[in-house]
Amino acid sequence: MEASRKLIHRQRQVLFFFLILGLSLAGAEPRRYSVVEETEGKAFVTNLSKDLGLGQKELSRRGARVISKGNKLHLQLDQATGDLLLNEKLDREELCGHTEPCVLRFQVLLANPLEFFQAELQVIDINDHAPVFVESDMVLKISESSPPGSAFPLKNAQDLDVGRNNIKNYTLSPNSYFRVLTLERSDGRKYPQLVLDKALDREEEPEFKLTLTALDDGSPPRSGTAQVYIEVLDINDNAPEFEQPFYRVEIPEDNPIGFLIVKVSATDVDIGVNGEISYSLFQASEEIRKTFELNPVTGDIQLKKQLDFEAIQSYEVNIEAKDAGTLTGKCTVLIQVMDVNDNAPELTMSALTRQIPENSPETVVAVFSVSDLDSEENGKISCSIQDDLPFFLKSSLENFYTLVTETPLDREATAEYNITITVTDLGTPRLKTQHNITVLVSDVNDNAPAFTQTSYTLFIPENNSPALHIGSVSATDRDSGANAQVTYSLLQPQDPSLPLDSLVSINADNGHLFALRALDFEALQAFEFLVGATDRGSPAQSSQALVRVQVLDANDNAPFVLYPLQNGSAPCTELVPRAAEPGYLVSKVVAVDSDSGQNAWLSYQLLKATEPGLFSVWAHNGEVRTARLLSERDAAKHRLLLLVKDNGEPPLSASVTLHVLLVDGFSQPYLPLPEVAADGAQTDPLTVYLVISLASVSSLFLFSVLVFIAVRLCRRGRSGLVGGCSVPEAHFPGHLVDITGTGTLSQSYQYEVCLMGGSGTNEFKFLKPMLPNSQGHYPGPEIEENPSFRKEFNFNIQ
């Protein structure tokens with residue numbers, strides 16, 4: 001509260017002071033001073049002591065000071081010297097703006113006694129500011145129809161300086177159409193005005209860019225510039241014009257629908273709506289309207305329908321361009337259709353022969369013509385067939401060809417030809433047409449039947465049933481139809497004595513061979529004959545083949561025992577000394593089999609013995625040997641039952657009985673003498689007589705065997721007798737024993753068994769086997785003696 005009262009009291013004192021000050025200055029003439037703006041601070045203005053007529057120290061004594069409105073002190077007083085100085089640098093434009101003159105009022109106060117002096121300080125302007133346009137860019141839009149002399153006001157520039165430092169005039173950059181006038185408003189400010197001196201043409205000069213300059217009259221003079229952009233507004237005073245009045249376009253006929261053919265372009269120097277152009281077809285035919293489509297905005301001409309060079313080769317299209325008004329322009333587009341190779345060649349058959357006899361000379365097969373709807377290279381044609389065919393093309397008239405055989409045809413090599421005639425044009429890409437022809441080659445009987453084999457070997461088991469199918473022959477004929485139908489027949493055999501008609505027959509249609517009767521391997525092992533094959537052509541052709549029939553052996557003969565002889569007479573008795581070692585050869589069973597192969601493979605087996613384990617039989621050669629040492633307790637007589645079995649299926653067998661007599665010893669001719677004791681003991685005479693008796697009996701027995709064998713051989717009749725025994729000292733005729741592939745022998749042998757008559761020991765002589773020579777005859781036998789024979793048959797079989 002106390003502070004508020006103090007503030008109110010102070011305010012009242014200030015108001016009272018200024019009231020007194022105003023009253024004291026009323027009617028007094030102020031003192032005037034001047035200073036140039038932008039003068040540096042502390043600059044001298046005046047000496048108040050001199051101006052007020054006061055002494056130098058009186059100002060200080062009287063408390064002189066400078067005051068100004070708003071207590072803004074732009075001046076300061078040096079009381080010691082009385083000089084009035086600038087307190088700071090003054091800016092006239094900041095202090096007074098556009099007010100002229102710029103006067104700063106201030107008072108000089110002398111406090112004791114109180115006295116006031118009125119004074120003014122004029123700030124003199126200098127040209128420190130250039131004219132400045134508020135807008136540095138000005139845009140004017142002037143119609144091109146504006147007449148010369150038309151004026152257009154422009155925005156003025158501003159200059160903070162005053163007087164002659166302010167704007168004096170305006171200038172415009174040089175041009176042919178405009179000038180600028182400098183006008184003054186009522187407040188004294190100057191402004192520019194644009195004047196049109198020449199008629200505008202927007203199409204010639206659509207816009208102007210001018211520089212407006214404002215100049216003051218200061219020293220040195222200053223200026224400011226602004227850019228004036230003048231846009232000439234268009235009027236519709238120009239018709240559309242095409243870039244070229246005539247367009248020529250070549251387009252292939254195979255371009256797709258929607259393809260851009262050409263883009264026509266027209267320009268209108270007018271702008272805005274006056275320059276907007278639309279395109280349309282002008283006086284176009286119905287065909288053109290169906291084929292082409294014109295974009296009214298862009299001027300694109302597109303394909304609306306597929307072109308066909310073969311129908312229409314060119315189109316002339318008139319185009320009209322129209323602006324927003326009534327002004328139009330026209331052009332012509334010539335569209336030339338280019339041929340592309342879109343038509344394949346065509347082949348027209350005029351004459352055709354589908355069947356040709358083989359072996360015929362040059363024959364015309366077909367006559368045809370070719371054509372192509374395309375033009376130039378696309379319409380040129382070449383014609384060809386496959387290279388590996390016996391045909392060739394002969395060009396006759398223009399685009400006419402003849403297909404001819406090149407060589408005589410052979411139906412057996414190729415019965416049918418598939419000929420492809422290829423017609424190709426020379427366009428890009430190349431198109432072709434192919435025509436297929438099938439030519440059949442008719443048959444001529446020019447081939448004889450051919451057997452699948454030059455010779456056939458057939459196998460038939462013996463004892464076959466009559467009418468048995470034993471095999472087939474087959475012949476083929478490369479011809480066809482009746483010329484290829486084959487008939488089979490039997491030809492006369494090479495051996496006239498062979499009763500072929502009673503042995504085999506042949507089916508004339510299929511070549512099957514049949515056996516007419518049962519065959520016997522032992523009588524007829526093989527025979528040969530010829531078969532013929534004849535076709536039904538005219539004239540007929542034939543061929544022949546050799547057939548060999550091989551009779552296969554069956555196991556239909558049981559083994560026959562040659563020794564020991566089983567003739568129902570007194571049994572054969574073999575003598576064995578009791579001193580015989582184990583393995584001593586007692587006897588050998590000799591047997592044969594009339595069959596062949598494995599059917600004649602014989603094996604031997606001991607079925608029954610008086611004393612088992614004393615004797616054994618070798619399975620492959622029939623040798624009967626002792627199995628152990630003999631003793632005095634062994635019985636003197638033994639009966640052995642032996643089985644001879646072949647290897648056929650089913651196996652056949654024969655049995656034989658052998659009697660063995662155990663003796664104490666043999667005589668010298670038949671047995672080796674026992675070792676003489678050191679004391680020279682004499683041989684028992686009784687033993688010698690017994691041995692002689694046994695030898696005599698054995699000789700008689702062997703003679704009986706030989707007679708029996710001779711009788712059996714004569715009865716069989718399989719082979720003739722081959723001479724007698726050629727040994728001059730033989731008392732009995734010799735016989736050949738024919739063993740034809742029997743037993744375990746691999747081939748046929750004949751043995752002659754002779755009994756030597758002049759021998760004191762009655763030994764058997766066995767001959768070597770005789771093999772037939774190339775003429776089928778047997779040579780004379782050779783006698784081989786076996787002086788060491790000891791009651792043992794040694795058949796020399798090689």
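## Basis

The model is predicted; local features need pLDDT of at least 70, side-chain atom pairs count only at pLDDT 80 or more, and totals for chains, interfaces and linings use all residues. Residues are numbered from 1 along each chain as its sequence is written, and side-chain values use heavy atoms, with hydrogens and water left out.

## Whole chain

The protein chain holds 7 helices and 55 strands. These are DSSP runs, numbered from the N terminus: helices (H or I) have at least four residues, strands (E) at least two. Of its 798 residues, 40% count as buried. Buried means under 20% relative accessible area, exposed over 50%, and partly exposed in between (1.4 Å probe, protein chains only).

Contacts are heavy atoms within 4.5 Å. Among those with a separation of 6 or more, 65% link residues 24 or more positions apart. The chain exposes about 43,500 Å², and carbon and sulfur atoms supply 52% of that. Areas come from the Shrake-Rupley method with a 1.4 Å probe; for residues, only the protein chains shown count as cover.

## Aspartate 535

Aspartate 535 sits in strand E41 (residues 526-535). The residue is buried but has no salt bridge. That term requires a side-chain nitrogen of Lys or Arg within 4 Å of a carboxyl oxygen of Asp or Glu. The nearest side chain of opposite charge belongs to arginine 536, 8.5 Å away.

Its side chain reaches the backbone nitrogen of glutamine 541 at 2.7 Å. Beyond four places in sequence, aspartate 535 contacts residues including Asn447, Asp477 and Gln485.

## Phenylalanine 208

Phenylalanine 208 is found in strand E15 (residues 207-216). Its relative accessible area is 10%, so it counts as buried. Leaving out residues up to four places away, it touches Tyr177, Phe178, Leu200, Val228, Tyr229, Ile230 and Val232.

## Backbone features

The peptide bond from serine 538 to proline 539 is cis, with omega near -5 degrees. Proline 539 lies in the loop between E41 and strand E42 (542-552). A cis bond also joins tyrosine 563 and proline 564, with omega about 0 degrees.

Glutamine 283 is not a glycine, yet has a positive phi of about 50 degrees. Glutamine 283 is exposed, at 66% relative accessible area. Alanine 467, also not a glycine, has a positive phi of about 65 degrees.

Note on methods. Lys, Arg positive; Asp, Glu negative; His and termini not counted. Polar contact = N/O pair within 3.5 Å; in protein donor to acceptor, adjacent residues only side chain to side chain.
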